[in-house]
Amino acid sequence: MKRLAGMLLVVLALGGMVWAQNALLINGAGATFPNPIYSKWFDEFHKANGTQINYQPVGSGAGIKQVTEGTVDFGATDGPMNDDQIKAYRTKNGAGILHFPTVLGAVVPTYNVPGVNTALNFTPEALAGIFLGRIERWNDPAIANANKGVNLPGNDIVVIHRSDGSGTTYIWTDYLSKVSGDWKDKVSKGTSVNWPKGLGGKGNEGVTGLIKQTPNSIGYVELIYAAQNKVPYGSVKNSAGTFVKADLASVTEAASGAVKTMPEDFRVSITNAPGKNAYPISSFTWLLIPEKFKDTGKRDAMKKFLNWAITDGQGSAENLSYAKLPKEVVDKELKAINRVQ
Amino acid sequence: MATSSINVPSASPVAGSRSFLSKLRNGDEIARLITFLFAATVVLITVGLVVELWIGSALPRHKFGFSFFVTSVWDPIAEQFGALPFIYGTLVTAGVALFLAVPLGIGAAIFLAELAPQKLSDPLQFFIDLLAAVPSVIYGLLGLFIVIPMMRQWIQPALKNTLGFLPLFQGPAYGVGFFTAGIVLAIMVIPYIISVSREVLLSVPRDQREAALALGSTRWESTWKVVVPFAKTGIMGSIFLALARALGETMAVTMVIGNTPTISSSLFSPGYSIAAVIANEFTEATGDMHLSALIELGLVLFLLTFILNGLARLLMLLTTQRGSGMGHA
Amino acid sequence: MNARLRWRKLVSGFMLTMTGVCALVAVSVLFFILGYFVYNGGMSINWDFFTKLPTQVGETGGGMANAIVGSAKLLLLASLIGVPIGFFGGIYLAEFSSTKVAFVVRYAADLLNGVPSIVIGIFAYALLVLPFKHFSTIAGSFALGIMMIPITLRSTEEFLLGVPRALREGSMALGAGKWTTIMRVVVPAAYRGIMTAILLALARVAGETAPLLFTALGNHYWSPGWNQPTSSLPVMIFTYALSPYEEWHRQAWAAGLVLLGLVLMVNIVARVILSRGVAVPRS
């Protein structure tokens, strides 16, 4: 018994020992969507500077909450904080919170229709109708008219959406709210909504998994998941009337269109953006940085990181299926970084 | 039922306090106090949890009151919340899980404890114990990639063809749903039932078995009519453990249940459970009402467990035979 | 041999075979799972896995050294919190308490057991993360420790009560005090069952993800001391499994295998250490 106790004490002490930690540790949490590129960035930054930035992909909402509570040093989100949340942050922390866009991503409609191997075209009306439950079969004219020549079966459509609250859902519902008055009234936009019909999958992975397993299904996922898992995804008709299949160029074009009206705080929705070849379901993803840092070491490290990420870091974006920030946005951000005190 | 203490209580209060002090010097009384504190901590933690849940759910409780239990709408945007589909899903999946796991588990435990030679029984038990450590995420993935296709392609159609006249087995077969979640849960809780039941059966004194056999019963009769009842409370305990796990399981369920708040008589229908919706929506819940509604769901689950436990205990109380070894609530 | 006896023997043979079938079904399902694991995870296990930190996406190699150490620390502290409470609480219930108190404590333990792990995580978050404004190993261990209590408590009580009265009375007759009797005679007699329960509890919390997400968060780097966020195997599995990368999927399976290995090791070591010198006759 005594021997056991002695052993335990030694192990506890060992566990408590501080590993040689000269480097700074900064904690952040937020959106899952940009996790691959963030993990790459933080890793490279660590190799170059020794600063340890620990980012945990726990979800956009969690990121907003935790940075507001002060349990993490910065947050990340796919859906910008609304005014109430920003006010809540200010009340709790005595200073403001800043949004910094980092990369661009796209949400695509994926499907599993037996016999269909090509990319289907979807009009905004078709998408809204399907997810509202009004369009029930694959060979419905709303879908068939945009896909002449494709043999669509008369099977019932199985709708698949996200069960967990997520930025991806926010982007998707934001788009549907813009293109469909009915959707806006009945369901509206948010990270979690009251879906009129469909099954829920957990995470992008869950949705992709369900789609692969379920014939006649349709769902929405981040572009990178569709690409990596080789699930077919369709083109969406944008506001200029072109059917665009999501890719880096079309996403960047969507962002450029929005640059002219970019607000000072960078909170902007670029769904259904103008532009001939703009992909209509695109979005920025933001880092949430406190205006005031108590720890100057952390502050300087974060500013250095931001500077690097929106300039040099952009080079790694495309390999990982993210679109780069348009130059005008980068310039604006570089100036905005000085607001971090 | 605790074994009686040796200390003799004194008569008057003054003598009582004096004897309390002397009791304190007695090592046994200190031991009693310390172990009492530990036991009290358990109650304290549970109460603390309930208090936290109660406070956290104040908003929706005031707004919805009792209707929270019987409404089916779950709309975070319109801020309308009702718990009924989640309660239904939780109960149904746990029910299916126990329906499958209890007979299998007890049967297996009997085999391992009574029939299998020790050389087989011990290593097998080792492996079974190990499976309790498999993270629920893994069970979820296994459910997603193995159970769901199996259900959709073979099991559900087969059940429809043979037992399709029952409302239980009607409706489109997606693969996900109550039944699938129940099966995954059953797999997850079987190790608990087997492990604990086996240990309890092993601890039944040898003379009980031998007495039964000496009186001319068959092997099965001595097992089922003598040994198992002797171990009844322990086995019930293992079923409680299994039930608790099934009610509260999060990750695995959310990956195979379909995550749709529906109430349906068909086991093939997709559904939702309390733990699953909390896991899915908590970290992203925008708005205090949404968050608090999720916390209230946690409170509801607590209540459910409370009631189910009470019912089960009542059942045990009514069926415990006098004088059959360990009979206590 | 009359007809009734023949019938009873038939029933006996049949039912006993059925139990064998049950065992076969249960065991084969469980073996299948283990096999699936080993197959998928075995490929990713190499020396790097145990010694390196996780790399970024797209790079092969890298490991989960910090997650392994993190899980070990979390489980160690969780046991130190949960086991004593459950063990000594169980002793109180079995040896000292009145029926009423025992009923309340048992009920509370069963309730605690039924709380979804995520709710316990939220509880620990409210208690140990929010007030201190950071995630930590301690908060994670607290959540896991709470989850270990019910199984430990109920099983300790159950197995202690199963020890025949004669043993206790014999010890007291020899002049031993109550506490000595408990620790030297009753507990050793019930140790097998208690040990099983503790290891079962440990196995259960080893694989829990949800509570850790709210308490220990996660960490790409080493976590010094007990007060910083820490990586852990279940959280790594969760993150990697739900990602779109094949490489990360393989690592997730490997992590699952390592987790099982860890639990297996603890199982073996614990049984060996505590079985020395205690001869428990299997009745």
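How many residue pairs are in polar contact between domain 1 of chain B and domain 2 of chain B? The count is 1 residue pair, both at pLDDT 80 or more; a polar contact is a pair of N or O atoms within 3.5 Å, where within protein one must be able to donate a hydrogen and the other to accept it, and residues adjacent in sequence count only if both atoms are side-chain atoms.

Before the views, a word on the model. This is a predicted model, in which local features need pLDDT of at least 70, side-chain atom pairs count only at pLDDT 80 or more, and totals for chains, interfaces and linings use all residues. Residues are numbered from 1 along each chain as its sequence is written, chains are lettered from A in the order in which they are written, and side-chain values use heavy atoms, without hydrogens and water.

**View 1. Here domain 1 of chain B meets domain 2 of chain B.** Chain B is divided into domain 1 (2–56) and domain 2 (84–326), with bounds from an automatic or database domain assignment. On each side 5 residues are in contact, meaning heavy atoms within 4.5 Å. About 510 Å² is buried between the domains, 84% of it given by carbon and sulfur atoms; buried area is the accessible area (1.4 Å probe) that two parts lose on being put together, summed over both. In domain 1, look for Val50(B), Leu53(B) and Gly56(B), which lose the most area to domain 2, together 78% of what that side buries.

**View 2. Here chain A meets chain B.** In this view, 30 residues of chain A touch 27 residues of chain B. The two chains bury about 2,200 Å² between them, with 54% on carbon and sulfur atoms. Between them, 7 residue pairs are in polar contact, both residues at pLDDT 80 or more. On the chain A side, the elements giving two or more residues are helix H3 (60–69), strand E6 (158–162), strand E7 (199–201) and helix H9 (203–213); helices (H or I, at least four residues) and strands (E, at least two) are DSSP runs, numbered from the N terminus. H3(A) provides the largest share of this side, 4 residues.

**View 3. Here a helix of chain B packs with a helix of chain C.** Helix H11 (residues 232–248) of chain B and helix H4 (residues 99–114) of chain C pack at an angle of about 35 degrees, with axes 7 Å apart. Axes are lines fitted to C-alpha atoms, for helices over the stretch in contact, and angles run from 0 to 180 degrees between N-to-C directions. H11(B) makes the contact through Phe240(B), Leu241(B), Ala244(B) and Gly248(B), and H4(C) through Asp110(C), Asn113(C) and Gly114(C).
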